[in-house]
Amino acid sequence: MGGMRTAGDLVARMQMTRRMRLKEAKAYVADKLGCGVRDLSDPIAMEQIRSEKGLGLLPHTSAVRPGDAGMIEAKFNIARTLDIPINCVERFKERTGVTTAAGV
Amino acid sequence: MGDGSLVEMTRSEIKADLEEGTQLAAKRAKVEPLTQDELDHLLDIYASSARFTAVDIGDEVIMSNDGTGTKHIGNRVQDLQTYEQVVGIDMVELWQIDYSYKAVKTNVAHEGQSMKIAQMLCTNPVQYGAMPDLGRYSKPDGPIDNWSELLPLMKVDEARAAQLDACDMLVNDINFVADHMIEAGADGIDMDTTGAAGDADFLAGLTACRMLRERYPDLGIEIGMASEFVLGMHGQLEFDGERLAGMWPKDQVRMVQAAGASIYGPAVNINTGKSTAWNIARAMTFIKPAAEIAEIPVHVNVGMGVGGVPTCVYPPADATSRASKAFVEILKIDGY
């Protein structure tokens with residue numbers, strides 16, 4: 001689908017954690033993001049949505065945003081947005097004593 | 001061709017190969033051949049002279065990409081980052097070159113540390129993958145009598161007992177490795193090339209999957225197959241009361257989803273002496289019944305030597321993209 005350039009990683013998470021087939025997974029993610037299913041594979045639409053929700057962006061030479069959420073930080077926001085547990089986020093909270101930093 | 005060589009074929013020659021491929025597979029697996037509409041669609045895809053073809057906008061599917069990276073660009077985590085940030089893969093997989101749970105077990109702490117680092121640096125889901133690889137437990141590589149040596153001696157009972165012993169050890173090793181990877185933050189566990197050593201290999205994968213699902217309800221578990229047909233090296237093994245030997249994709253998928261897996265990966269091997277058109281029609285005929293009944297995502301193995309992609313080091317882009325488009329548009333698969 002394009003991975004982080006689009007919403008590929010988010011749809012993949014629904015297949016993995018909720019065993020959703022593709023159509024259901026795309027509809028679920030679109031609903032959670034408040035966008036259309038077709039936006040999910042549109043890198044222009046998803047750049048804006050991911051930026052607004054802190055879901056992680058690809059750092060480019062011309063667009064590096066160290067102030068935005070990225071990597072493990074972004075996964076806290078992905079877990080909350082999609083309403084699913086992400087294993088490494090749960091481990092992070094458990095091992096640091098953080099329970100409310102991202103409201104997750 | 002199935003070996004990657006470039007040949008010129010007329011539209012009618014491609015059509016004949018498509019029809020032969022589907023008829024042969026239908027007879028072999030006792031399933032329906034592809035319909036005329038599906039064959040016509042395949043003909044349009046395979047008669048194109050385009051170097052690259054693709055699905056329509058909006059029809060993109062998930063790439064789970066088992067065995068992510070080359071292991072020769074920087075380190076393995078950099079490989080995962082490259083595939084996430086440059087290639088645009090949807091899920092990445094940490095793995096080691098000795099792609100076997102038995103081999104990973106001896107190095108599990110270091111593999112777990114690499115997983116932990118990968119989880120800190122990647123936004124994509126990161127799963128850990130290896131083969132069940134039951135043969136590793138038989139002599140001379142393992143402690144158990146080699147059933148491939150016992151069978152020619154007509155020691156059938158001994159060969160069967162040996163496979164069951166190996167199966168138990170393999171189930172323990174998959175659980176052992178998976179527990180450590182999940183502790184390190186893994187999003188999923190991939191059992192790749194399951195069934196390579198036959199029905200006992202498949203049984204081990206299914207059994208380990210069910211045990212993992214009971215402990216980890218939100219874990220991604222992918223079971224990818226070794227081939228279109230489960231060999232009956234034991235011949236009498238059952239899962240949920242169903243005999244595993246001789247299962248084709250339409251039955252494999254029922255077992256995989258009953259075991260609790262998240263993703264089923266059917267695999268159909270290539271005949272290198274036939275055209276890619278012949279091979280894709282054959283592969284799609286085997287997989288179509290599974291894609292129709294699946295309740296979990298189906299990620300077809302579409303790569304070097306399987307799923308209509310030639311067996312060669314650098315599969316041509318026209319072959320890989322045609323196979324991908326065919327599976328997505330005709331079988332409505334969920335990924336590959």
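## Exercises on a predicted two-chain model

**Exercise 1. Describe how many residues of chain B are in contact with how many residues of chain A, and say what the chain B side is made of.**

Solution. In this predicted model, 29 residues of chain B are in contact with 30 residues of chain A, where two residues are in contact if their C-beta atoms, placed from the backbone, lie within 7 Å. Turning to the elements of chain B, those that give two or more residues to the side touching chain A are α3 (76–87) and α5 (108–121), and α5(B) gives the most, with three residues. Helices here are DSSP runs of H or I with at least four residues, strands are runs of E with at least two, and both are numbered from the N terminus. Sorted by class, this side of chain B holds 13 nonpolar, ten polar and six charged residues; Ala, Val, Leu, Ile, Met, Phe, Trp, Tyr, Cys and Pro count as nonpolar, Asp, Glu, Lys and Arg as charged, and the others, Gly among them, as polar.

Before going on, note the conventions: residues are numbered from 1 along each chain as its sequence is written, and chains are lettered from A and ligands numbered from 1 in the order in which they are written. Since the model is predicted, local features need pLDDT of at least 70 and side-chain atom pairs count only at pLDDT 80 or more, while totals for chains, interfaces and linings use all residues.

**Exercise 2. Characterise each chain by its secondary structure, its radius of gyration and its buried share.**

Solution. Begin with chain A, which has five helices and zero strands and reads α-α-α-α-α along the sequence. Its radius of gyration is 14 Å, close to the 13 Å that the globule rule gives for 104 residues, so chain A is as compact as a globular protein of that length; the radius is taken over C-alpha atoms, and the rule is 2.2 Å times the number of residues to the power 0.38. Of the 104 residues of chain A, 41% count as buried, where buried requires 20 or more other C-beta atoms within 10 Å of the residue's own, exposed means 12 or fewer, partly exposed lies in between, and C-beta atoms are placed from the backbone.

Continue with chain B, whose secondary structure comes to eleven helices and seven strands. The radius of gyration of chain B is 20 Å, close to the 20 Å that the globule rule gives for 336 residues, so chain B is as compact as a globular protein of that length. Buried residues make up 55% of its 336 residues, and among contacts in chain B between residues at least 6 apart in sequence, 75% join residues at least 24 apart.

**Exercise 3. Locate P140(B), M154(B) and K332(B), and describe the backbone at each.**

Solution. As background, most residues other than glycine have a negative phi, and most peptide bonds are trans. A cis peptide bond, with omega about 10°, joins K139(B) and P140(B), and P140(B) is placed in the loop between β2 (126–130) and α6 (147–150) of chain B. M154(B), in the loop between α6 and α7 of chain B, has a positive phi near 65° and is exposed, with 9 other C-beta atoms within 10 Å. K332(B) lies in the segment after α11 (317–331) of chain B, has a positive phi of about 55°, and counts as partly exposed, with 17 C-beta neighbours inside 10 Å.
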